[in-house]
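Let's take a walk through this structure together.

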Amino acid sequence: MVTIIDRTLTALHTNQIQVQDLSHFCDLLFICGVTKIELPATLAARLSLSGLSGNTGAAGTCFLIQKQNGRQQLFPNDLVEQNFSGNALPDIARRKIRLTGMADLISRDYRTFFEALLHSGATTLDLCPSNSMHCATAIALEWIFAGGSSVSCAFSCGHDFPRLEEVLMGLKLRDSASIVGDLSVFNQLRNLYEKMTRLPVSPMKAVIGTDIFKVESGIHVDGVLKNSATYEPFSPQTVGSQREIVLGKHSSEQSVLYKLREQNLSETGAKSILKQIKEGCSQLGRNISDLELYALASEVKNDHQTEIYC
Amino acid sequence: MTIKQKYIVDTTLRDGEQSPGIAFTLKEKVAIARALDQLGVSRIEAGTPAMGKEECQAFEKIRLACRYARIIAWNRMNLDDIKSSISCGADIIHVCVPASDLLIREKLRKNRAEVLEQLTACADFVHSANKELTIGLEDASRADRDFIVRLTQRAIKLGASTLRISDTVGIMSPSAIKACINQIPAGIDLEIHAHNDLGMAVANSIQGLRSGAKYADATLFGIGERAGNCNLEHLLIATKGQLDFGIRLDDLRLLQEILSPVIFKNRHTVHSFPSSLLAR
């Protein structure tokens with residue numbers, strides 16, 4: 001089983017965050033499949049964890065929380081960080097190493113590099129590639145696919161590490177038996193992360209964005225209604241989310257009919273409603289809300305009744 | 001190190017606009033296309049003419065506004081869509097072919113033989129109008145590799161200039177992209193179309209280009225369905241000094257700054273649905 005170390009708490013200013021939220025965050029991380037949680041010494045002192053008898057070391061030191069016999073325990077982080085940016089691999093035999101850097105590895109022969117790492121003789125070899133070139137998740141996953149046994153990540157954005165949620169989902173899609181966690185807590189994790197950081201996660205953030213299961217275009221709605229797997233890489237429920245058919249410029253008549261039925265509205269004049277949705281949404285640059293659909297449907301229905309009875 | 005020349009197919013106006021909550025007016029589409037043309041984008045996928053009259057009008061105006069880029073019209077694999085695209089003057093007719101059995105069976109309700117037959121009919125129609133044909137393999141990531149080879153052989157035979165490899169649901173990894181491309185027969189230019197569902201669209205595009213693709217599809221700000229498409233800015237950052245797309249990063253950043261209020265206008269203004277459309 002691959003070791004997944006989460007470093008989110010090392011990248012946050014945790015002084016202002018309530019201990020209760022931090023503890024809940026750690027609980028959720030373990031539930032979704034994280035093996036170890038890294039945290040700074042200052043934070044370790046705030047959390048009531050057994051393992052070091054109150055001795056949390058010098059400032060700047062990091063610790064790891066690990067679950068043992070169902071209980072969270074604190075351990076010293078004995079990984080030595082080594083930045084790698086060149087071509088020559090340093091001598092890491094018989095050492096416990098966390099390799100960082102490697103931001104441009106995808107643009108190079110990463111397979112040969114991973115082969116060399118796997119034969120380096122290191123006692124422990126954890127990879128934590130930089131995301132400065134937007135490829136950290138891919139590097140972390142390729143490392144595991146190549147036979148690597150440990151990666152360090154962090155949840156969401158706002159750090160320079162591989163994205164935890166992307167790595168876990170990548171592993172699950174490749175081989176569901178490779179992770180033991182329940183990813184349906186991602187929705188809760190995102191909400192808690194937003195509360196702790198006071199920063200919104202992008203609605204289109206891979207795996208955890210609130211809009212990633214909104215379907216608008218007629219072609220995709222058609223496919224998803226026939227079989228959701230056609231245009232979804234994983235089901236919304238997998239990450240604790242829900243699918244939503246929304247109406248906008250790219251909607252089809254079929255989508256309008258679906259929404260009218262969903263809202264228990266009259267299907268009269270779907271063509272006319274669609275035309276107005278397309279015009280209005282282009283001007284506003286957004287989808288139409290259920291309330292607006294209700295208003296449109298009422299208007300169109302009234303017009304039809306007027307035509308009939310006049 | 002030799003810097004390799006590669007090309008961008010910008011699909012902000014097609015796949016990007018399919019992002020829920022993003023929609024452009026005709027004027028905005030033309031302004032974005034003109035800006036992309038001046039930026040140095042090689043091909044602009046400007047939309048789907050089959051969507052209707054306004055989309056066709058946008059194509060005609062985009063065609064006139066762009067001096068350098070070739071304008072692509074996206075089509076489902078049917079003759080009515082293609083007729084619309086030809087009539088509005090697109091330079092390149094792109095035909096999207098569902099390649100995985102999942103899409104063929106569940107979405108099209110057809111079989112592989114019918115797909116090949118329909119593709120041939122579409123290609124003949126495009127050639128009869130003397131238009132350049134490009135073919136996209138939708139959901140190539142979940143398609144049977146032998147069928148991809150068959151589709152590629154058919155695309156070459158049908159005179160398509162480019163074959164688009166689409167990771168439609170964004171589940172591929174760089175090594176999977178490489179393995180997929182390595183199996184594709186030579187004789188046609190390749191284009192990589194990556195989605196960001198696992199946060200790997202940039203890495204997958206890079207690997208696609210390194211494995212032999214000539215074109216990479218991208219969008220401004222990475223907008224697109226679900227978690228979006230390959231982010232053009234991120235792709236330029238990640239390939240700096242290795243690949244040359246004929247686009248300057250500083251110019252792109254300036255362009256994005258200018259276009260941000262247009263692309264994300266729903267975040268910049270809070271309006272209700274136009275009352276003019278409700279008052280009838």
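Start with chain A, which is divided into domain 1 (1-51 + 59-209) and domain 2 (253-309). Keep in mind that what you see is a predicted model. The C-alpha centres of those two domains of chain A lie 47 Å apart. The C-alpha trace of chain A spans about 90 × 45 × 35 Å along its principal axes.

What is chain A built from? It has 10 helices and 10 strands. Its radius of gyration is 25 Å, well over the 19 Å that the globule rule gives for 310 residues, so chain A is more spread out than a compact globule. Even so, buried residues account for 47% of the 310 residues in chain A. And if you take the contacts in chain A between residues at least 6 apart in sequence, 63% of them join residues at least 24 apart.

Now bring in the partner. Here 54 residues of chain A are in contact with 45 residues of chain B. On the chain A side, the elements that give two or more residues are helices H4 (136-145), H5 (164-174), H7 (218-226), H9 (270-284) and H10 (290-309). The largest share, seven residues, comes from H9(A). As for the kinds of residue on this side of chain A, there are 21 nonpolar, 18 polar and 15 charged ones.

Next, zoom in on one helix of chain B, H5 (residues 101-108). Which of its residues are buried? They are Leu103(B), Ile104(B) and Lys107(B). These three sit on the same side of H5(B), because they cover an arc of only 110 degrees around the axis. What covers the buried residues of H5(B)? Part of the cover comes from chain B itself, including strand E5 (92-98), helix H6 (112-128) and strand E6 (132-138), but H7 of chain A is also among the covering elements.

Finally, how confident is the predictor? Chain B has a mean pLDDT of 94, and 95% of its residues reach 70 or more. Residues 275-280 of chain B are another matter, with pLDDT below 50; this stretch has nine contacts in the model beyond near neighbours in sequence. For the complex, the predictor gives an ipTM of 0.94 and a pTM of 0.94.

Conventions: Residues numbered from 1 in each chain as written. Chains lettered and ligands numbered in written order. Predicted model: local features only at pLDDT ≥ 70, side-chain atom pairs only at ≥ 80, totals over all residues. Contact = placed C-beta atoms within 7 Å. Helix = DSSP H or I, 4+ residues; strand = E, 2+ residues; numbered from the N terminus. Nonpolar A, V, L, I, M, F, W, Y, C, P; charged D, E, K, R; others polar. Domains from an automatic or database assignment. Buried ≥ 20, exposed ≤ 12 C-beta atoms within 10 Å, placed from the backbone. Arc of directions from axis to C-beta. pLDDT = per-residue confidence, 0-100. Rg over C-alpha atoms; globule rule 2.2 N^0.38 Å.
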